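This report goes through the structure shown below, part by part.

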Amino acid sequence: MTEVFCPENILEEIKADQIPEKAMAKIAEGYRFSQACAATVDNHLELSYSFAHDETYQFYTFRILPEDGEEIPSITRICPPATFYENEMRELFGANITLIALDLQDKMYRIEEVQPFAPEKKEGE
Amino acid sequence: MAETTAKRSIVPYGPQHPVLPEPIHLDLVLEDEKIVDVLPNVGFIHRGLEKLVQKKDFNEMMYVIERVCGICSFVHGMGYCATIEKVFDVEIPDRAKFLRTMWSEMSRIHSHMLWLGLLADAFGFESLFYQVWRSREQILNMVELHTGSRLISSVNKVGGVLKDVDDDKLKILSKTIDQIEEDMLRVQKVFFEDYSVQSRLKGIGILTPEQAHALGAVGPFARASGIPLDLRMRGDNAMPYIDFEPITSNDCDCYARCYVRFMEVLQSIDIIRQCIAKMPADHTLVTPVKGNPQGEAFVRLEQPRGEVVYYAKANGTKFLDRFRVRTPTFANLIPLCETIKGENFADLGLLVLSIDPCISCTER
């Protein structure tokens, strides 16, 4: 029989400016950057950065709930594979991710609609 | 610092190129014939399928997610259902687990054989390409026999599977995989020992284990760099009842990627045999789910091309807030760029092909 590695996924909520140090700590623990994605929930952004441990199969996710327009520092200088994920979150969701190492200037996907997944803007914004 | 006398030029590669079945663009910085830097560019066929969760209810959405990619269609459908099942916290019946494992291994066989054929074609070995694809037809016929369709099978459902397989069909499958194994063992010698294959694949596109880990490589691409990362070890579906060890190679080059995928075809045949032998007698296929999903879940599975991450966020209505698919090619693009640097321009086609790119998956 196969020896099964099936630990529960862990989710930790953090502030936007904590993501570089948290990412660095996970990399130092032997994790690999696995994915990042955004969701619009109740007209607010939710960002998830996930790290996977390839020996224990642990999956660890940092959750960020940024304020409207809040800057989220890029982790691409710590985790180069985050490049496409961060460009995608900014282009499709309008997440204000700054200093992406390979900044595709919201032209990663060649779509006409601007930030199709972003929260709806309130009047006056 | 010694000054280089090589001539520098920037060459655009793709999005339309004879080696690329799907569009990806690379800006290559060349010094004479050597690639010194590469800038990837995707986004030519973004379809916005994930946006459709806002318009399709969570049951209908399964049919949309299957269409993310034709080759990995079954695994995408299964992954979507597994994610919603995790949100509902339901366990599917044992027979459904075995059928899902068996069909996903059939999917792996035809995906790897498609790649092996394309690889043979890319290095100019046409008869090998024909041989592999001839065998691939047999597994596609089995997928059709079991599910009614060759690629988009639509047999998954939240809570289980929609179709059962009777003993006769299992016997036909058993006979067919014996034949495929025999055919593949015949071409194995060519893939592993032929001089022309080795001369095109050995020593090119090196990705060290350290680079593979740091850059987030997944699937056969990572396993060919000696990393035993295979999500089937997590024991999804019937895997806890199956004897299985990830196949790895320490050669880290294109040849190693060919070796890993080839051996995985034989391994998948073995897993299917084990599934047939241990198939539960209880024919219950679905655990009913009631109401609408509420909550969120991440699910990771091993697709033919590597780790795929599904994320669902549900709000208690029939429409999800978000469904996200992180496909293996999305993860493998950055490490691919690393393998290209320092290589000869003439090898670029093989290098790109060596990750088994699926741009359709990547763009969703």
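## Leucine 320 of chain B

L320(B) lies in strand β8 (residues 320-326) of chain B; strands (E, at least two residues) and helices (H or I, at least four) are DSSP runs, numbered from the N terminus. This is a predicted model, in which local features need pLDDT of at least 70 and side-chain atom pairs count only at pLDDT 80 or more, while totals for chains, interfaces and linings use all residues. Residues are numbered from 1 along each chain as its sequence is written, and chains are lettered from A and ligands numbered from 1 in the order in which they are written.

Is L320(B) buried or exposed? L320(B) is buried, because 25 other C-beta atoms lie within 10 Å. A residue counts as buried with 20 or more other C-beta atoms within 10 Å of its own, as exposed with 12 or fewer, and as partly exposed in between, the C-beta atoms being placed from the backbone. Apart from neighbours within four places in sequence, L320(B) is in contact with V53(B), F58(B), A312(B), K313(B) and A314(B); contact means that the C-beta atoms of two residues, placed from the backbone, lie within 7 Å. V161(B) is 159 residues from L320(B) in sequence and 21 Å from L320(B) in space, C-alpha to C-alpha.

## The sheet that holds β8(B)

Two strands pair if DSSP finds at least two bridges between them. Strand β7 (residues 306-315) of chain B is joined to β8(B) by six bridges in the antiparallel sense, and L320(B) in β8(B) is the bridge partner of A314(B).

Angles run from 0 to 180 degrees between N-to-C directions, and axes are lines fitted to C-alpha atoms, for helices over the stretch in contact.

## The sheet β1-β2-β3 of chain B

A further open sheet of chain B has three strands in the order β1-β2-β3, and the pairing is antiparallel. β1 (8-13) and β3 (34-41) of chain B are at the edges with a single partner strand each, so one side of each has no neighbour in the sheet. Its neighbouring strands are turned by 20° against each other on average, direction ignored. β1(B) pairs with strand β2 (residues 25-31) of chain B over six bridges in the antiparallel sense. I10(B) stands opposite V29(B) in β2(B).

## Helix pairs in chain B

Two packed helices are described by the angle between their axes and the distance between the axes. Helix α3 (residues 94-122) and helix α9 (residues 254-278) of chain B pack at about 155°, with axes 9 Å apart. α3(B) and α9(B) are therefore roughly antiparallel to each other; angles over 145 degrees count as roughly antiparallel, under 35 as roughly parallel, 65 to 115 as roughly perpendicular and the rest as oblique. Their crossing is left-handed, a term for a near helix turned anticlockwise from the far one by less than a right angle, clockwise being right-handed. Among the residues that make the contact are F98(B) and W115(B) of α3(B) and F262(B) and I269(B) of α9(B). By class, this contact has 15 nonpolar, three polar and five charged residues. Ala, Val, Leu, Ile, Met, Phe, Trp, Tyr, Cys and Pro count as nonpolar, Asp, Glu, Lys and Arg as charged, and the others, Gly among them, as polar.

The axes of helix α4 (residues 126-147) and helix α5 (residues 167-193) of chain B come within 10 Å and cross at roughly 165°. α4(B) and α5(B) are therefore roughly antiparallel to each other, and their crossing is left-handed.

Chain A has two helices and six strands, in the order β-α-β-β-β-β-α-β from the N terminus on. Of its 125 residues, 42% count as buried. The C-alpha trace of chain A spans about 60 × 30 × 30 Å along its principal axes.

The contact takes 29 residues from chain A and 33 residues from chain B. On the side of chain A that touches chain B, two or more residues come from each of β2 (32-41), β3 (44-52), β4 (59-64) and α2 (83-93) of chain A. β2(A) gives the most, with seven residues.
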